[in-house]
Amino acid sequence: RFGKLLMVMAMSIFYSWSAIAQSAVDVMPLPQEVKLNNGKYRLTSDLKLSVNGANEHLAAASGRFLRALDARTGLWFPQHFIETNTTDAAFPMQVSMGRAGKLELGEDESYSITITPEQIQVKAATDFGAMHAYATLLQLVESDGEGYYFPTMTIEDAPRFPWRGLMIDVARHFLPVDVIKRNLDGMAFVKMNVMHFHLSDNQGWRIESKKFPELTEKGSDGEFYTQAEIKDIVAYAAARGIRVMPEFDVPGHATAILAAFPEFGSDPSITEYQREVNAGIFDPTLDPTNEDLYPFLEELFGEMAALFPDAYFHIGGDENEGHHWTANADIQAFMKEHELKDNHELQAYFNVKVQAILEKNGKKMMGWEEIMEPAIPTTAVIHSWRGENEQMAPGESLVEAVQKGYPTVLSNGFYIDLLWKAEDHYLNRVMPLQLTKQEEKDLILGGEATMWSELVTPVTVDSRIWPRTAAIAERLWSATEVRDVRDMYRRLEIVSNQLEIVGLQHVKGREGIVR
Ligand code: TNX
């Protein structure tokens, strides 16, 4: 009985303590540093915004901010912002950016916010930082009996990792442009900065090629992005500080390419593909020993590379089991002649050639962890994905990559298609890394939530991505020590409702949060 009493006491101490552990602000991702003061800046339609040194992107973002503030408060904030080089003290809200940000890995995304009862001041090195400040401010709005206000405070904020991504698979199920755009808005709202576009797989080639129109004619069900639509998406993302990195999966997961060009396959006699099968690993794959394959890839990837200004180009490389490679006598003879001792070395032979093609186009190669072979130089980025489902320790390849000197991005534990609880993503066991060497830690660029689309449609995809991706965004932005699950769920529910303002159509309220 005494034990039971002790337990009740311990529990009540725990609960009152955890109520105190509530974060200072209901913002997700939680900023690095928040100091609350006890005042309020009252929101009225007099709020005038002066933006010092705005470029086109920040001017547009400032307009969006004011419109979102309308939606949030039901007030109307006339578009009063001006672009000046001197701060106008008559304007209660002042935003200044130092210079136009470059949409590159590692750009300065920091910002600070100072809110007093009279003024709101935002300072950022780049427009990207200023846009993050807008996202924070939208989440800071509170209300009381007298109306809406910002609590007075100072915030200093910057991301923990420079690569905070969401991969969207549009091959298994195609997603129209408007679905992509509203998810880019959701990403910006939680300060994510990379959209990894999985544009080809067994089930479809989803982008127009002017050089090889057969790819969409035969390698898709007719649903794909035109090049004009791709440019529109890339520009839309750039305006929100989001890089778009394409992925074209080779040599496996590539039967959509082979539907159009069976001659490049590991069994050219197979010309029929079962693209209605959503999931799985399929043969044939590309045949690395076919020398006609490389001029084809050079033309195709050259055309694709030109559509995506980002420095990184993802070549997939995952789940190639090479059944046909092993079974084919000609391929085996080629391997012997080139002293390639197994399928891994043959795939590396292929990847080295692909990397040379990308290099010609000014691109850095990224691939799923299977590309990590001695022949591949450490300029390539290793995308770590396998874990317990693949009978491997979580993060095994991430640690191996940095120890070999490769930069790396983590997706293991961030598979939002698997319907884990938000906390399982949030408490990712790999991210609080046990690495000791600073040069190894520095090679961890960040992570990506992965939205594989075997089981989603344009209608259901938002609910698969949101709100759980906000918990992953926090893992990648906020300090390692930010890991209170109860507080995370509390804020996740708030952010979930706010994501509606940017146009997302996910299920809201507690039902939308998988616990
Ligand atoms: C494995 S993750 C795959 C994808 C699937 C996913 C389903 C990876 C590099 N390959 O092709 O869609 O599992 O969870």
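What is the mean pLDDT of the protein, and what share of its residues reach 70 or more? The structure is a predicted model, and its mean pLDDT is 93, with 93% of the residues reaching 70 or more. For the model as a whole, the scores are ipTM 0.91 and pTM 0.94. A word of care applies to any prediction: where pLDDT is low, the coordinates should not be read in detail.

The domain assignment divides the protein into domain 1, which covers 23–157, and domain 2, which covers 163–512. Between the C-alpha centres of domain 1 and domain 2 there is a distance of 34 Å, and the contact of the two draws on 21 residues from domain 1 and 26 residues from domain 2. On the side of domain 1 that touches domain 2, helix 2 (56–73) and helix 3 (127–140) each contribute at least two residues, and helix 3 gives the most, with six residues. Sorted by class, this side of domain 1 holds twelve nonpolar, six polar and three charged residues.

Helix 2 and helix 3 also pack against each other, with their axes 10 Å apart and an angle of about 0° between them. Angles under 35 degrees count as roughly parallel, and helix 2 and helix 3 are therefore described as roughly parallel to each other. From helix 2, the residues His57, Leu58, Ala61, Phe65, Ala68, Leu69 and Arg72 take part, and they meet Asp127, Ala130, Met131, Tyr134 and Leu138 in helix 3. By class, the residues of this contact of helix 2 with helix 3 comprise nine nonpolar, one polar and two charged.

The contact of helix 4 with helix 6 is made up of six nonpolar, no polar and three charged residues.

Turning to the ligand, which residues surround it? The ligand is surrounded by Asp318, Glu319, Trp368, Trp385, Tyr415, Asp417, Trp452 and Glu454. In terms of class, this shell around the ligand contains four nonpolar and four charged residues, with no polar residues. Among the surrounding residues, the charged ones include Asp318 and Glu319, while Trp368 and Trp385 are counted with the nonpolar ones.

The peptide bond from Asp283 to Pro284 is cis, with omega near -5°, and Pro284 has its place in the loop between helix 7 (255–260) and helix 8 (293–307). Trp466 and Pro467 are likewise joined by a cis peptide bond, for which omega is about 0°, and Pro467 sits in the loop that runs between helix 15 (461–465) and helix 16 (468–477). Finally, Glu339 has a positive phi of about 55° although this residue is not a glycine, and the place of Glu339 is in the loop between helix 10 (329–337) and helix 11 (343–360).

Methods: Residues are numbered from 1 along each chain as its sequence is written. This is a predicted model: local features need pLDDT of at least 70, side-chain atom pairs count only at pLDDT 80 or more; totals for chains, interfaces and linings use all residues. pLDDT is the predictor's confidence in each residue, from 0 to 100. Domain bounds come from an automatic or database domain assignment. Two residues are in contact if their C-beta atoms, placed from the backbone, lie within 7 Å. Helices (H or I, at least four residues) and strands (E, at least two) are DSSP runs, numbered from the N terminus. Axes are lines fitted to C-alpha atoms, for helices over the stretch in contact, and angles run from 0 to 180 degrees between N-to-C directions. Angles under 35 degrees count as roughly parallel, over 145 as roughly antiparallel, 65 to 115 as roughly perpendicular and the rest as oblique. A residue is near a molecule or strand if its C-beta atom, placed from the backbone, lies within 6 Å of it.
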